[in-house]
Structures are given as structure tokens and as C-alpha cells.
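Work through these exercises with the model on screen. Try each task before you read its solution.

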Amino acid sequence: MSDRPAIPVIIDCDTGVDDALALLLAVRHPGLDLRAVTCVAGNTDVDGVVRNTLTVLEQAGAPDIPVARGAERPLIEPARPARHVHGADGMGDLGLPAPTRAPVAVDAVTLLHREILASPSPVTLIPTAPLTNIALLLRTHPEVTRNIERIVFMGGAVATGNATPVAEFNVWHDPEAAAILLTAGVPVTMYGLDVFLRVVVPGTEVHRLRASTDPGTRLAGDLLAHRPTAQGGPPEAEEAGGLGDAGAVCAVADPGGITTSRLPVEVSLAPGPSRGQTIVDRRPRPGESEIHEGTREQTLVDVALEVDVERYVKLYLATVERP
Ligand code: BDR
Ligand code: CA
């Protein structure tokens, strides 16, 4: 095992079946020091997200990590939950008991501010949700960037979207917030749909997790086996399941598992069919637009283009099956 100090991380999430998978990985990975979790409206309403997050931490036997409630809607638009994917309770309707833990008495922005500045070494932020809390943080307390190592966010897509043909859900839900994140002035890694969808745990492994006597490991299995209602069929039919947001945590714990390119990325804020699209410029040379109209200043983002699926599946299983 590595003798490097654990990386201080904070997850901002909308738990969320796959956010729950991300939390389970973060609390059990010895190379990560999960210092706080902040919640935002996304997959379900923010109170549901807080409840689900506390439940996951409790089931995982995690230490008393502070959890805070954040924004209940995006900066401009109303909240548009994804319960058809994540179930009525937003976390797969697994019938888990209500948590005995409670959120801290401060809001998400206050907790983020406090924990980032209190960390002895720069924090890596891992947003796995719409970026409303992060945008509010950056606008309220811009000085936090001095103690942020980098932001590795799940969101966006180089190729195809899911919420719309071109827009990924987290960015589509609050495009203005995503635009603020991209221009934060700290290194940003985009773990988008192009890699997100590829990391799938085979059915046999999921089956094994579900049979575990450890509640946290078993929960990982049940979450992986969850199927969106829209897809139909009993969850047992085919147990293979995607790591989803947990892949972004893998990308922090083991950055060598993704291949990134530093590329200009811009969020489309225009109303209409492109709203929420992450426009990634992969052209090898300037085009007619730059030749005739000049270049604009654009943010460069480390965009994940490839992922070593086997490596991340192995990492996930080895971590969540730890005693
Ligand atoms: C993202 O949207 C949510 O449904 C998932 O939790 C993930 O963060 C994928 O588009
Ligand atoms: Ca999420």
C-alpha cells in the first residue's frame, strides 16, 4: 500500500444511485480522506438527497463526516428531478431504514468554505451533481481556490448527451453553474458521459456483493443491480451495473486509469436545443471562425477521453469489499 498521505476530498452530490456508489468508494478508499459531503437538488429534491447521503454513510459504517444541505434548485431554472432513473426516493427504492445521523446546522456553501480553508493540504473537489453549490461557493467565497488542488467533476459529454441529444444531466440541470465552475481558475478534469457510461461491473461480481454480510458492500451490490423504472424488468434479470459517478472518484484515487486531453470547453447557455451542451474543441487547427473573427479566450479543461474499464472495476471491488 502507498505511504503517501491520503488526498483530502469533498464530494458534492445529488444521491442518487450512482452518487451512493461514489460515496461508498470514497469512505472506504485508504488513499482518500473524505472531509465533508454537500448535497444539492438534482436526481431528487435536496432533502431527499440529504436523507439518502446520510443513509449511505451510516450503512457504510463511515466516521462522522459532516453532511450539509445545499441549493434546492438551479441558479435560474426550476429543479427537474430524475426519479424515473433513480426511483421515487432518488436512490433505487431499496427500502433502507431512515438514517439516525443528521446534517450539520450550516448550509453547503458555509461547510465547503470552512472545510476547504481548514484542510492542511489543498482539497480535491469531486462534484457528481448539478454544479449549483459549487457556483454559489465560488461566487460567495472566491478565496477558496487558494486551497483547492483541482476539481474532478462528473458532467458533460464530448459526444452524446443523455438529458438532451447533446447535453448531459448535471450540466443541463444548471448550465450557468457549470459555466462558473469551468472558469474557476483551478485545474478542472471533466469525467463526462463518454467515460462514465463505459465502466460496468459484471453481473457475477454484483451478485457476490449482494450476498455479502457487510451492509456497505451489500448496498453497493444492490445499487449496481438497480434498474431505472423506465427500462422495465425485475432488477434480478441482469445484475451487471455501471459505476457511474463512482468513476469520478476512481479518477481521483487512480488518475492513471483515464486518458485526458487538455482542450477548450464551453457550456452552451443559449436557449434551445444546444442548451447545456459542453462544446469540446477537438479540432487540430483553427477554423474559418478564428481566421475571420479572431480567437476568443477559452478555458482549458482536462477532458477524460478514455478509461481503463477493468482497472476501475477492480479498484471499486477491492475497495468496497474491504472488511
Ligand atoms: C449524472 O446524472 C445523474 O443522474 C447521475 O447521478 C450522474 O451524476 C449522469 O448524467
Ligand atoms: Ca449524480
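A residue is near a molecule if one of its heavy atoms lies within 4 Å of it. This is a predicted model, where local features need pLDDT of at least 70, side-chain atom pairs count only at pLDDT 80 or more, and totals for chains, interfaces and linings use all residues. Residues are numbered from 1 along each chain as its sequence is written, chains are lettered from A and ligands numbered from 1 in the order in which they are written, and side-chain values use heavy atoms, with hydrogens and water left out.

**Exercise 1.** Find which residues surround ligand 1, and sort the shell by class.

Step 1. List the shell: D18, D19, N43, H86, T128, M154, N162, E168, F169, N170, F196 and D245.

Step 2. Sort it. Ala, Val, Leu, Ile, Met, Phe, Trp, Tyr, Cys and Pro count as nonpolar, Asp, Glu, Lys and Arg as charged, and the others, Gly among them, as polar. The shell has 3 nonpolar, 5 polar and 4 charged residues.

**Exercise 2.** Find the distances from polar side-chain atoms of N162, E168 and D245 to oxygen atoms of ligand 1.

Step 1. For N162, the distance is 2.9 Å.

Step 2. For E168, read 2.5 Å.

Step 3. For D245, read 2.6 Å.

**Exercise 3.** Name the protein donors of the calcium ion, ligand 2, and locate D14 and T128.

Step 1. Donors are N, O and S atoms within 2.8 Å of the metal (3.2 Å for Na, K and Ca); water is not among the atoms, so sites may look incomplete.

Step 2. The protein donors are D14 (OD), D19 (OD), D19 (OD), T128 (O) and D245 (OD), at 2.2 to 2.6 Å from the ion.

Step 3. Helices (H or I, at least four residues) and strands (E, at least two) are DSSP runs, numbered from the N terminus. D14 lies in the loop between strand 1 (7–13) and helix 1, and T128 in the loop between strand 4 (123–127) and helix 5 (132–140), so the pair ties together parts 114 residues apart in sequence.

**Exercise 4.** Describe the peptide bond from T15 to G16 and the phi of D93.

Step 1. The T15 to G16 bond is cis, with omega near -10°.

Step 2. D93 is not a glycine, yet its phi is positive, about 50°.

How values were computed:
A polar contact is a pair of N or O atoms within 3.5 Å; within protein, one must be able to donate a hydrogen and the other to accept it, and residues adjacent in sequence count only if both atoms are side-chain atoms.
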